[in-house]
Amino acid sequence: MNQEQLIRMSNGKGFIAALDQSGGSTPKALKAYGIEETSYQTEKEMFDLVHEMRTRIIKSSVFNSDHILGAILFEGTMERSIDNIPTADYLWENKGILSFLKIDKGLAEENNGVQLLNPIPNLNELLEKAVSNHVFGTKERSLIKLANKEGIKAVVEQQFELAKEVAAAGLVPIIEPEVDIHSPEKEAAESILKEEMMKQLNSLDNDVKVMLKLSIPTVENLYEDLANHEHVIRVVALSGGYSREEANELLSRNKHLIASFSRALAEGLTHQQTAEEFDKTLGASIESIYNASIA
């Protein structure tokens with residue numbers, strides 16, 4: 001683990017940009033960017049277009065370490081280059097921004113009010129690839145829909161078992177047990193989630209460090225104890241379907257939470273914008289998310 005990067009993530013001001021749309025969510029992300037599905041015929045063409053979009057965001061002058069600590073990447077983005085430099089190296093060397101790799105392979109069918117992680121084939125190879133690409137950490141997302149104690153316990157246990165494997169490979173895991181913001185039992189689910197996560201954090205070996213990515217809680221500052229835990233580097237918040245304005249407002253009310261937004265970050269960006277229009281829109285988005293993160 002790079003100590004300079006660890007200090008940067010632990011103490012730096014800013015937020016994490018989530019640029020990790022995968023195969024299932026890429027068409028939706030491209031459509032929001034102004035590129036219809038009729039513009040590409042193959043999966044390769046689709047991923048070429050989304051890499052162009054991500055490259056445009058990353059290379060923008062407003063996308064910099066003054067406001068952004070890290071970026072979460074899809075595997076295909078990590079494997080590609082920007083200006084002939086591997087993406088993670090470009091981010092760190094040219095921008096001072098850390099990289100995280102999305103390693104989850106989607107969600108299992110709902111059971112007990114939750115969706116666990118699908119199995120991750122060739123996990124060791126994937127983690128070795130992340131290390132060789134100079135990635136700082138990983139991200140893995142589960143989904144909680146109801147306040148089912150058995151289900152939430154299973155989500156948290158699975159997440160932490162995976163996190164231990166990630167940490168053993170020399171990477172920092174972002175544990176992401178998302179609570180559906182539309183859940184009729186959101187507040188109760190978050191209370192159970194906090195309790196289960198605290199149990200797991202207390203049982204970690206001394207040298208294991210993790211990050212947590214959580215839905216913005218219904219009860220303000222609910223996760224403050226988690227953020228202050230000795231094993232936790234940072235707690236970041238997902239936008240979860242809120243508009244950027246709403247997500248920023250909710251985030252600003254919670255101490256120790258910083259943003260890790262995807263759709264909310266790219267809101268308003270289109271393929272058709274001029275460089276000036278694109279940078280102005282992205283800059284306003286970054287500024288607003290940054291201000292909510294440091295509030």
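Helix 6 passes helix 7 in a right-handed crossing, where right-handed means that the near helix is turned clockwise from the far one by less than a right angle, and left-handed that it is turned anticlockwise. Helices here are DSSP runs of H or I with at least four residues, and strands are runs of E with at least two, numbered from the N terminus. Helix 6 spans residues 123–132 and helix 7 spans residues 149–168, and their axes come within 10 Å and cross at roughly 45°. The axes are lines fitted to C-alpha atoms, for helices over the stretch in contact, with angles from 0 to 180 degrees between N-to-C directions. The two helices are therefore oblique to each other; under 35 degrees counts as roughly parallel, over 145 as roughly antiparallel, 65 to 115 as roughly perpendicular, and the rest as oblique.

Which residues of helix 6 meet helix 7? Leu123, Asn124 and Leu127 do, and their partners in helix 7 are Leu162, Glu165 and Val166; contact means heavy atoms within 4.5 Å.

A word on the model itself: it is predicted, so local features need pLDDT of at least 70 and side-chain atom pairs count only at pLDDT 80 or more, while totals for chains, interfaces and linings use all residues. Residues are numbered from 1 along each chain as its sequence is written, and side-chain values use heavy atoms, with hydrogens and water left out.

Let us turn to the interior. In soluble globular proteins, nonpolar side chains tend to be buried together. The largest nonpolar core here has 67 residues, of which Phe63, Leu193, Leu212 and Leu265 touch the most other members. Such a core is a set of buried Ala, Val, Leu, Ile, Met, Phe, Trp, Tyr and Cys residues joined through side-chain atoms within 4.5 Å. Helix 3 (residues 43–59) supplies the largest share of this core, 7 residues. A second, separate core of 15 residues includes Leu6, Phe100, Phe136 and Ile258. Beyond four places in sequence, the contacts of Leu265 include Phe15, Ala17, Leu19 and Ile289.

Helix 3 also holds Thr55, which counts as buried at 16% relative accessibility. Buried means under 20% relative accessible area, exposed over 50%, and partly exposed in between, with a 1.4 Å probe and protein chains only. Ser60 sits in the loop between helix 3 and strand 2 (68–73), and at 4% relative accessibility Ser60 counts as buried too. Not counting residues up to four places away in sequence, Ser60 touches Lys95, Asp279 and Leu282.

Lys13 lies in the loop between helix 1 (3–11) and strand 1 (15–19). Is Lys13 buried or exposed? Lys13 is exposed, with a relative accessible area of 55%.

Finally, a look at the backbone. Most residues other than glycine have a negative phi. Asn112, in the loop between strand 5 (98–102) and strand 6 (114–115), has a positive phi near 55°. Asn221 has a positive phi of about 65°, and lies in the loop between strand 9 (210–215) and helix 9 (224–227).
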